[in-house]
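This report covers the chains, their domains and the contacts between them. Please view the sequence and the structure first.

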Amino acid sequence: MTDETSAPPREPGFSTLAIHAGAQPDPTTGARATPIYQTTSFVFDDVDHAAALFGLQTFGNIYSRITNPTNAVLEERVAALEGGTAALAVASGHAAQHLVFHTLLTPGDEFIASRKLYGGSINQFNHAFKSFGWNVVWADPDDISSFEKAVTPKTKAIFTESIANPGGVVTDIAAISAVAKKAGVPLIVDNTLATPYLWQPIRHGADIVVHSATKFLGGHGNSIGGVIVDAGTFDWSATDRYPFLSKPRPEYSGMVLHETFGNFAFAIAARVLGLRDLGPALSPFNAFLILTGIETLGLRMQRHSENALKVAEYLAAHPKVEWVSYPGLASDRYHALAQQYLPKGAGAVFTFGLKGGYEAGVKLVSNVELFSHLANIGDTRSLIIHPASTTHRQLTDEAKVVAGAGPEVVRLSVGIEDVADIIGDLDQALAKV
Amino acid sequence: MNHDRYDDTYIRAILSEVRTIAIVGASANAARPSYFVMKYLSERGYRVFPVNPGQAGKTVAGLTFVATLADVPEPIDMVDVFRAPEHVPAVVDEVLKLDPLPKVLWTQLGVRNDEAAAKAEAAGLKVVMNRCPKIEYGRLSGEIGWTGVNSRTISSRKPLRLGEGVQRLSIAPRGPKSS
Ligand SMILES: Cc1ncc(COP(=O)(O)O)c(C=O)c1O
């Protein structure tokens, strides 16, 4: 037995978890890398085992829409990296958001969201979610009191990004968490741009973390995927406002999920009442690629951040550049928040403004040779986009500006190539603007 | 001892050494957590005795309910308590009257009563509170990771399969058998 006076065992560090968490040698073959369990279904040991699995009475696999052993390794790994109790891997970042809100909201409910979000999320909340009767109320991350003012008796959750796409906005998660706690609602943080290497929002009060694993987690631009992490911090039974968790579920003969699964009940609910019924399952092959990417997450995020800082410094000194919004720069309005929340680096994604406006933006993206002109971030490769003519095109001019995607704005996702080549490419393209 | 956290080695030793488990407050309703726990533990090879006066004599999932701890027909290694914290002292009083004394008092997730625990410890019992033996077994065997739960354990050693089935793992020590 343990010596009661002994110090607690050392917790493994980030990169050890990034390589090992969730991945044990395969019990049947001894395979050390995580096998791709490319199968729809799993045989039962016997009829009784089948019944126990369907009743959620035992751990195990039935069908890959609900659980899959490759996906499970990804889930446990991201849960460990974020410091959560459990996770659920799904087909995309958007699917992750959909399932989170499906688990929390019923028609007529409201949620508060930061105005500064990925354009696709703004669309999802403004349009797709409205048709489910889930009503978004926008707030300004630069004015925390706007979150407080937006709270009504119908508010069921607050949503924000840690570092917001595209603008390099650093959100004061601890301050927004205080608003959420006062309102008695969970705080959901999209941690896609920071990744748990740079920032663990659960430490600052997030109750649920979501990821577009498509981006830095996978990191190589080869797979779409999403992850939901349960922090295990929210008391779902304190009120009767979250019936998926606190009420007997007819889907499972009256089982109460929070009472049964305790501090990982949210992840279970998103799986068995969300993923099971709505269906956006992640392919095990994609899970494998994302897992392989995560093994080098720490190394990549270090290099991404170092390169991005140098590129931002270069751009800030360039005569054709009007402004650079990178929180790693000492002059940036979010620098103080970055020092508080992002001591290891401010990530790879940021925007800058060209003096030449919309046309200069179009010219720049047309003249790069190393940078790829495409609508993604978080690749080993350097990426560039002019949001006003692409991702944020559907928004009104005013909404574009509010979302940090005005006509002069260019977004970079700085890759991990040699930084001299990255800067060299921008230099030659800017010369043509 | 400190009941805010437990080392994995402490929990593993308990779950490895006990064989007979009495579950106080067990339910015959298949949607209740206590039912899951008794069924799961019995499938992992433990001898499980559900204790609930309202169900005495009834058999569910091959397990027969008894009314009180004293009615369990064999020596009990561990008593697992599914009762609210305020009822734990009365359960401990019952436990301490058993002969032989059980080795372990375990109280479920959300159930903690430090005074009752101290009394059991003074009598030589090991105590675990505010934990679920099913979750702990699943965590230590690696089974719980199949559901995306953070087991907070890492190992480069192959998990051990339990019994005949493919979807069952053991908590026995992994790796090369010591010679
Ligand atoms: C911050 C952020 N959240 C969510 C998403 C949506 O993720 P996915 O494209 O994987 O659905 C994206 C994609 O660009 C994103 O950048």
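How much area is buried between chain A and chain B, and what share of it do carbon and sulfur atoms give? The area is about 3,800 Å², with 56% from carbon and sulfur atoms; buried area is the accessible area (1.4 Å probe) that two parts lose on being put together, summed over both.

## Basis of the model

This is a predicted model, in which local features need pLDDT of at least 70 and side-chain atom pairs count only at pLDDT 80 or more, while totals for chains, interfaces and linings use all residues. Residues are numbered from 1 along each chain as its sequence is written, chains are lettered from A and ligands numbered from 1 in the order in which they are written, and side-chain values use heavy atoms, with hydrogens and water left out.

## Interface of chain A and chain B

Chain A puts 54 residues into the contact and chain B puts in 45 residues, where contact means heavy atoms within 4.5 Å. On the chain A side, the most area is lost to chain B by A:Gln57, A:Phe59 and A:Glu76, together 21% of what that side buries.

Two salt bridges are found across this interface; the term stands for a side-chain nitrogen of Lys or Arg within 4 Å of a carboxyl oxygen of Asp or Glu. B:Lys39 and A:Asp48 form a salt bridge, at 4.0 Å from N to O. There are also 12 residue pairs in polar contact between chain A and chain B, both residues at pLDDT 80 or more. A polar contact is a pair of N or O atoms within 3.5 Å; within protein, one must be able to donate a hydrogen and the other to accept it, and residues adjacent in sequence count only if both atoms are side-chain atoms. Elements giving two or more residues to the chain A side include helix H2 (47-54), helix H3 (69-82), strand E1 (86-90) and helix H11 (265-278) of chain A. H3(A) gives the largest share, five residues. By class, that side has 25 nonpolar, 20 polar and nine charged residues. Here Ala, Val, Leu, Ile, Met, Phe, Trp, Tyr, Cys and Pro count as nonpolar, Asp, Glu, Lys and Arg as charged, and the others, Gly among them, as polar.

## Chain A: fold and domains

Chain A has 17 helices and 14 strands; helices (H or I, at least four residues) and strands (E, at least two) are DSSP runs, numbered from the N terminus. The radius of gyration of chain A is 22 Å, which agrees with the value near 22 Å for a compact globule of 433 residues. It is taken over C-alpha atoms, and the globule rule is 2.2 Å times the number of residues to the power 0.38. Along the principal axes, the C-alpha atoms of chain A fill a box of roughly 70 × 55 × 50 Å.

Domain 1 (14-294) and domain 2 (298-430) are assigned in chain A, with bounds from an automatic or database domain assignment. Their C-alpha centres lie 28 Å apart. In chain A, 38 residues of domain 1 are in contact with 36 residues of domain 2, and about 3,100 Å² is buried between these domains, 61% of it from carbon and sulfur atoms. One salt bridge is counted between them: A:Asp142 with A:Arg333, the closest N and O atoms being 3.5 Å apart. The side of domain 1 of chain A that touches domain 2 of chain A has 18 nonpolar, 15 polar and five charged residues.

## Chain B: domains

Chain B is divided into domain 1 (8-132) and domain 2 (138-170), with C-alpha centres 24 Å apart. Their contact takes six residues from domain 1 of chain B and 10 residues from domain 2 of chain B. The area buried between these two domains of chain B is about 630 Å², of which carbon and sulfur atoms give 42%. B:Asp8, B:Arg12 and B:Arg44 lose the most area on the domain 1 side, together 67% of what that side buries.

Two salt bridges are counted between the domains of chain B. B:Arg44 forms a salt bridge with B:Glu143, with 3.0 Å between the closest N and O atoms.

## Backbone features

Most residues other than glycine have a negative phi, and most peptide bonds are trans. A:Thr195, in helix H8 of chain A, has a positive phi near 65 degrees. The peptide bond from B:Asp99 to B:Pro100 is cis, with omega near 0 degrees; B:Pro100 is in the loop between helix H3 (88-96) and strand E6 (104-107) of chain B.
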